[in-house]
Amino acid sequence: MKIGLFFGSFNPIHIGHLAIANFMAEYTDLEEIWFIVSPHNPLKNKASLLNDYHRLELVKLSIEAYPQFKASNIEFGLPQPSFTIDTLSYLKEKHSNHQFSLIVGSDNLNSFTKWKNYELLLQNHELYVYPRPGFKDEDVNLPGIIHIVPAPLMEVSSSFIRQAIKEKKEIPFFLPAPAYQYIKEMHFYEK
């Protein structure tokens, strides 16, 4: 089976994440999309993250109606910070019958050469790249199998959502309904 791995902090998951995953599932050859909730992205500040298990629960609540989507806590048991190459090695060992590809935003391409063992990633895994504002196809200059996927441009961000909640804005249409309800009940991101 061909699996698209959508890594992220998902702090919190929002409609942009789901729209991109939905597009990848319907308009590419990826058969399933696994949301890999990262406990610590080495390129981001961990202090601003909601607890790992709450972020995982938000993802689970948001995707439970979609059988081709899976939530994964695979990185919770791996050394931190989380490096994609290490997670992929572990997944290939556990699921040798699957082919794993990466789903990344085009903004990640600029820093991709800073990723641990990025050459091995590109040699052994396809990239499915969705556009971010200002992206042009000709900006891609990495070797390997890279699919530029014409997904709709999604400009909503988790940082926008966190700030809106902190400012006591009602933003129910930016998040999946179950995630929004959970965030409100638990008073997440209010401070």
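The structure is a predicted model, in which local features need pLDDT of at least 70 and side-chain atom pairs count only at pLDDT 80 or more, while totals for chains, interfaces and linings use all residues. Residues are numbered from 1 along each chain as its sequence is written, and side-chain values use heavy atoms, with hydrogens and water left out.

The chain holds 6 helices and 6 strands, assigned as DSSP runs (helices H or I, at least four residues; strands E, at least two) and numbered from the N terminus. Their order along the sequence is β-α-β-α-β-α-β-α-β-β-α-α. The radius of gyration is 16 Å, close to the 16 Å that the globule rule gives for 191 residues, so the chain is as compact as a globular protein of that length. Here the radius is taken over C-alpha atoms, and the rule is 2.2 Å times the number of residues to the power 0.38. Buried residues make up 50% of the 191, where buried means under 20% relative accessible area (1.4 Å probe, protein chains only).

Beyond its neighbours within four places in sequence, His 14 is in contact with several residues, among them Val 156, Ile 161, Phe 174 and Pro 176.

Technical notes. Contact means heavy atoms within 4.5 Å.
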